[in-house]
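Please look through the chain with its backbone in view. The paragraphs below go from loops to helices.

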Amino acid sequence: MIRRFTVLLLTLLLISSLGVVAGVPGPDRDTANASSVDADVTHSTASVAATTTSPGTSDETPLIRESIVLEQRPDEPGVIGATVTYEVPDAVTELTVRPDAHTTVTDSSGFEPEAGGSYKWAAGDGTPSLTLEIAANRTNEGRHIHQQTDRHTAPHANEHTQTGAEEHARTDAHEHAHDHEDGHTFVETGEWGIVAVPQFELGWVQRAPVGTDRTVTVDGPGVAGTDIVYFGESTTYTETVRGETITLVVPDAADLEESPTDVLASLAAASDELRVGARSTNVLVVAAPTGTVEWGANGIQYGDSDAWVRDDARLDVPGNVWLHEYVHTRQAFASSDIDPTVAWLIEGQAEYYAATLTYEQGHIDHREFRRFLEEGQESPYADGVLADPGTWQDPLTDYVKGPLVYGAVDRQLRLESNGEYTIEDAFRALNRAEKPVTEQDWLEALEQRGGSPVREYAMTYTHTDSTPESWDEAAHELAFGQPTPAFEYSLAAGEPLAFEGLLERSTRTEPRPLVVGETMTVPIAVDNRGDRAGTYRATLQVDGSVVADADGTLESGGSTVEHLTWTPEAPGRYALKLGDEPATVDVLEPADLTVTALEVSPESVEPGEPVTVRATVENDAARAGQTTIQFRTSSGVADEQQVTLAPGEMTTVETTITFEREAHHEIAVGDRRVTVAVERSLTSQASGATDSIPGFTAGATIVALLALVVVGSRGSYRRLEWR
């Protein structure tokens with residue numbers, strides 16, 4: 001038998017969606033205080049590693065394990081060494097690795113170089129590896145680059161680069177800021193370094209679905225995130241808020257302007273206060289030493305959940321860089337292919353929440369908050385149309401006009417809905433939307449919560465050069481001071497996912513691969529952490545579309561669990577949102593069943609007599625199988641039956657078939673065949689002959705039959721005698 005495998009070619013750019021940072025986790029906190037934090041503190045004298053596993057994998061899922069070990073080269077500042085090793089499971093028959101442009105391969109084991117800078121492994125050595133040399137010093141590179149000084153005490157600058165393609169320099173109303181475009185975004189000095197983790201594009205051929213697992217380690221003192229690594233001695237501060245562990249790394253070489261516990265408290269409070277989903281498992285923030293390095297920015301957020309911020313950044317300014325970069329880690333909707341008409345949201349949103357959260361944490365007063373927003377009313381920022389970047393007279397219009405418009409829409413939404421909704425609900429909706437996010441996603445999220453007036457209000461200030469007015473403290477209190485609900489959606493703790501398959505019913509604590517036709521039931525916990533009752537909508541999304549939802553009302557502090565189901569109809573790899581939590585699930589066709597034996601009984605029959613056909617069917621796969629068994633003859637399909645078997649199970653399927661024509665008839669099931677002889681016996685021949693003679697009795701038939709036997713015998717005797 002030839003086994004049939006589904007061979008999939010999958011390509012995964014291993015830029016982590018779950019940046020996991022090791023360290024000693026702090027205690028869970030329901031709230032975070034802006035001035036103090038009960039954090040765990042660790043002085044780093046050895047390497048601290050980061051590990052991340054692709055979502056949607058289970059304990060049984062085979063994993064391609066990627067292990068990266070980074071090392072400093074003190075005699076070669078600006079260059080670091082690395083070794084990346086792969087553990088390849090049996091389910092993978094081919095693996096291709098392509099390092100990023102900053103990485104040079106100096107040696108390899110188990111890999112063969114290919115055109116285009118890729119390295120290919122074929123089944124054999126189960127732990128192939130590459131030895132690397134990496135250019136650590138870089139400029140103008142990062143997912144989000146932010147420059148900000150205290151705009152009230154000095155000229156300030158903001159700079160944003162997305163994949164190195166854009167570059168901005170921000171001014172205030174009075175004076176141009178210093179140009180930092182030649183400064184570093186990553187640097188290694190020989191004594192310490194803040195560097196980007198090398199990225200590898202992987203492609204593989206698999207027999208069965210596999211996941212990926214990545215570990216990053218520093219050889220020597222340092223702290224590794226999934227995408228940023230710090231080399232050198234440091235002290236780490238960690239705090240866990242609602243399942244998100246924030247790690248602040250303070251290098252010995254840094255001179256932190258603020259107390260590290262105050263910085264961590266501000267970040268923890270932001271994590272608690274932002275109810276927009278998309279929390280990372282771990283967030284790594286490094287305080288970048290400013291003594292000897294010319295940085296090209298005051299902070300960058302890199303990858304999904306790693307960032308660095310200059311050590312002289314302050315907490316008591318509206319443009320709080322610490323919080324700006326943290327907000328970027330919560331923008332799951334942000335991508336390089338976002339609709340240009342809503343691309344302004346990425347920085348406008350981060351600036352708005354940096355100021356709003358700083359105000360709510362008590363680091364600034366309303367006068368400073370309002371003055372910050374009022375800059376968006378001034379030329380040249382006010383003259384630009386946010387939805388049309390081509391009209392921006394200053395490239396940082398999104399940083400300055402953006403937060404004013406975003407805040408004004410937030411205020412209008414609160415007023416129109418009587419506090420039932422805030423713009424955080426629209427933020428959450430964008431995080432749940434299928435990428436790339438479009439303007440229609442944004443406008444619909446507003447209209448569903450505030451009606452057409454809010455949609456039209458947003459259109460006015462994003463599609464024209466009209467600019468909203470800022471608002472005083474009394475107006476702020478009227479809109480923002482009223483109680484609001486605040487819902488969070490997550491997998492219910494302590495309640496498993498349920499699976500009802502072709503034959504099995506089972507439960508698990510996490511998603512696993514499914515079989516077409518199998519149903520997964522997900523328990524979604526809904527918590528109202530706001531200060532008033534409200535209406536919730538729990539959803540289960542597949543590839544950006546809601547496939548199941550449930551709504552209801554919860555009082556302040558109330559919670560419930562909704563059970564949402566999904567039954568996939570086609571195989572493939574699907575991106576799921578379980579409430580606010582992402583997962584990737586592979587859906588497979590049911591396993592092919594094998595016909596291992598075929599027999600008939602009896603092997604010889606008279607025309608019109610039934611023959612019993614039995615087929616033995618087995619499932620030698622690791623998942624449930626389902627096949628339609630067809631009993632075929634030369635005339636076509638005589639019968640068919642659906643068979644479903646658990647892994648390793650066997651059964652027998654039978655049917656009856658009759659043939660009217662004398663011949664040797666073939667019966668086939670799967671690739672098995674058997675022959676049955678259909679012929680008339682001597683008895684039936686005699687009976688057929690006497691039936692045509694009137695008055696011929698049964699006794700006469702017997703006499704005639706004996707006569708035939710005698711004649712036949714005599715004939716044989718004569719033939720033998722003749723020879």
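In which loop does Pro602 lie? Pro602 is in the loop between strand 35 (594–601) and strand 36 (604–605); strands here are DSSP runs of E with at least two residues, helices are runs of H or I with at least four, and both are numbered from the N terminus. This is a predicted model, in which local features need pLDDT of at least 70 and side-chain atom pairs count only at pLDDT 80 or more, while totals for chains, interfaces and linings use all residues. Residues are numbered from 1 along each chain as its sequence is written, and side-chain values use heavy atoms, with hydrogens and water left out.

The bond joining Ser601 to Pro602 is a cis peptide bond, with omega about -5 degrees. Another cis bond runs from Ser379 to Pro380, with omega near 10 degrees, and Pro380 sits in the loop between helix 4 (366–374) and helix 5 (397–416). Most peptide bonds are trans, and most residues other than glycine have a negative phi. Arg242, not a glycine, has a positive phi of about 50 degrees; Arg242 is in the loop between strand 20 (234–241) and strand 21 (244–251).
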